[in-house]
Amino acid sequence: MTSPNERGEDREDCDGGEDGLRRFARIWSRTISPATQTSLTRAELEDFLHPLAVRLGEALHAHPFTPSAGREVGRALVDEAHCTSPDALPHVLGVVESYLVLYAAGLAPAAGVPGALGVDETRSRCARLQHALAAGFAFAVRERTLGEQESLSRAALAAQTAVEEALHASETRFRAVFKDATIGIGIADMSGRLRDANGALARMFGRSEEEMRRRNLNDWVHPDDAPEVWRLHRELARGRRDHFRVEKPYQRPDGTMLWTNLTVSLLRDAEGEPRYQLALMEDVTERRLLHLRLRYEATHDELTGLPNRTLFAERLERILSPGGGVRRFGLCYLDIDGFKAVNDSLGHAVGDQLLVAVAERLQSCTTAPAHLVARIGGDEFAVLMSDPQDTEEVTCLARSLLAALATPISVDGRELSVRASIGIVEGASGRLEPAEVLRSADITMYRAKDAGGNRYALADPDSEARAIDRHSLTNHLPGALERDEFFLEYQPLIRMSDGQVDGAEALVRWKHPVHGRLGPDRFIPLAEHTGLIVPLGRWVLEQAVSQACTWAGGQPLRVNVNLSPRQLHHPDLVPDTIAVLEAAGVAPSSLCLEVTESALISADEDELKPLWQLADLGVDIALDDFGTGYSNLANLRRLPATTLKLDRSFTQGLQRHPADPVDLTFVEGIVSLAHALGLAVTVEGVETESQADQLRQLGCDTAQGWYYARPAPPGEFAKDWARAG
């Protein structure tokens, strides 16, 4: 309600007809604005209320009078001005009561307005307009409230309908997925009893869905289950784990095996308590069978069906590991002697059939489950034993293997004899690595093969060390020549008639960066085996011929150079030798090539042709190590040799006093035969004065040995030669 002062001020504002209604609307907007929820500004609200004030003013003076305009104004305040607060109505009615009366008074007869109302009539009409406005206001508020409630109800109903439809759709989708899924799905309570199972799960087990619902997850136990599986399941059943995944086998009713990838998840209620177990099973039986097949093919030899090197290595590593549960092991490493000749002469098809037969015989010797027979590769087999009682048990097995192969094997109508070499390694597990065991077995097997084959040999640390040393030297050989690690020493050849130096034998040495000074017996066989002897021999020839020119004031001294069997068969022997002599500017007679008796005696005419060519040029040819080859002495006439070098083994008996009469007779016979054939005789290994005197008396031409001088570098040799001269 307004105060008297406000009324006094407003009385003046309300005078003046239309201007009074404008001022009425302004005051009205200022009064009800705080209680309305409209977004209109004060000026916009004033503009909205002005027509309503005009409508009330017109209704107040209408003839006949009707209060319906008040109802319309009340509804407009709610519907259009959003004046819905209950606190707004008293302010609205107060303004109408105060200012309509003042407005009517401003239009009194004193003002000269015809048809002016009296005071009582004015108040009566104002009251009826107020009542009508209040009724219209209340009716509009009620309708608005009912409309909002209906909208809320419709929204709630629509939301409930949407939820139900979504739930139904979700349930439909779940049932479709559950029913049509290709993986098995089962839902069980916390006791393990299946509450529901889909068709895929039932088909996996060969049962109906109804039968599956009578099963319990805890009953699906298989002997191959790992303890870890049931530990995980117990943790899930107790709520300590939300899910786990394992590969698990099951036994079908028909006895076949079902392999699955099993995923079990825990389903909790709204309070987080475990309620159900959800099991998802994927049938991986075919995949596992394929994996096993591929695994078998990857670990077994295609030809013989035996375990291959991969599976053998896995078993060996498991046996040798400290925690493998095996105290001792035994290994027989077997290689067929001369198998390459079978392939080369009879063909690989026959060789394959022979390998299959050998595999069968080896398997027949090892019936114990702890024995593993494997084909390592090519013609190599291995038999691995777990916990043999002692070395004798392993050697007994090796003898059985050799005995099983002793009977000829029939292949394509041919009777093929089979010989084999076996290397045996036996010892305690946990001490050696697999690579060390295989290396030891391989070295031992080749030691048995070098001893003639068709036998076994036991691993020996010293022999292995020598074999490893040979292997190391072989690997180092190719670079040694490039690094200038070889050097020559010279041992004089003494004329026994006057004691003068007749020549010198060039002897190659190797200054190894690790092993130090190595004699030719350590590396020449390796160089011969690898083929390095050809470039090494040419280097020795170049160095020796060049060195011979620098002694004795430039007077060339005959130099003896050893020629290996591989060099003898090399096609460039003749041109290389001529090139070396021409480069040094010395006569061919200054060179003597020493060839072992065994290499020359077994050579045919074509193989001897290069030596004949060199001999025709004037190069001397010496038959080295004579007497060790059991040669036919009549063959000496077809050889291009000019000198026989008698092996030291036949002159050692001359070192004693009195000399061995048998050795005296032998040497005397050789010297006589050689001289009769026009050959000079050189004796090696002269170490005593009495030995030298005996050889001189027997007619030997030249000699060499420690009695005269040890091999020495070129500088020391020159000094010794000068003193001897």
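**Helices and strands, step by step**

In this predicted model, Leu-573, Val-574, Thr-577 and Ile-578 of helix H20 touch Pro-610, Gln-613, Leu-614 and Leu-617 of helix H22. What kinds of residues make up this contact of H20 with H22? Six of them are nonpolar, two are polar and none is charged.

H20 covers residues 573–584 and H22 covers residues 605–617. Their axes lie 9 Å apart and pack at an angle of about 25°. Angles under 35 degrees count as roughly parallel, and therefore H20 is described as roughly parallel to H22. The crossing of these two helices is right-handed.

Next, let us visit some strands. Find strand E13, residues 486–495. Is E13 largely enclosed or largely open? Eight of its ten residues are buried, so E13 is largely enclosed by the rest of the structure.

Strand E13 has two partners to look at. With strand E14 (residues 501–512), E13 runs antiparallel, and nine bridges join the two. You can pick out one of these pairings by finding Tyr-490, whose bridge partner in E14 is Ala-506. E13 and E14 form a hairpin, with five residues between them. In that turn, Gly-499 has a positive phi of about 75°. E13 also pairs in the antiparallel sense with strand E21 (residues 702–703), this time over two bridges. Here Ile-494 stands opposite Ala-703 of E21.

Our last stop is an open sheet of five strands. Reading across, the order is E2-E1-E5-E4-E3, with antiparallel pairing. Which strands sit at the edges? They are E2 (194–197) and E3 (243–251), each of which pairs on one side only. From one strand to the next, the twist averages 25°.

E3 runs antiparallel to strand E4 (residues 257–268), and nine bridges join them. Within this pair, His-243 stands opposite Ser-265 in E4. Helices also pack here: H10 (residues 285–299) touches E3, E4 and E5, and its direction makes about 130° with that of E4. Helix H9 (residues 227–237) lies across E3, E4 and E5 (274–283) as well, running at about 130° to E3.

Key. Residues numbered from 1 in each chain as written. Predicted model: local features only at pLDDT ≥ 70, side-chain atom pairs only at ≥ 80, totals over all residues. Heavy atoms only, no water. Axes fitted to C-alpha atoms, helices over the stretch in contact; angles between N-to-C directions. Helix = DSSP H or I, 4+ residues; strand = E, 2+ residues; numbered from the N terminus. Parallel < 35°, antiparallel > 145°, perpendicular 65-115°, else oblique. Left-handed = near helix turned anticlockwise from the far one by under 90°. Contact = heavy atoms within 4.5 Å. Nonpolar A, V, L, I, M, F, W, Y, C, P; charged D, E, K, R; others polar. Buried < 20%, exposed > 50% of the residue type's maximum accessible area, 1.4 Å probe, protein only. Pairing = 2+ DSSP bridges.
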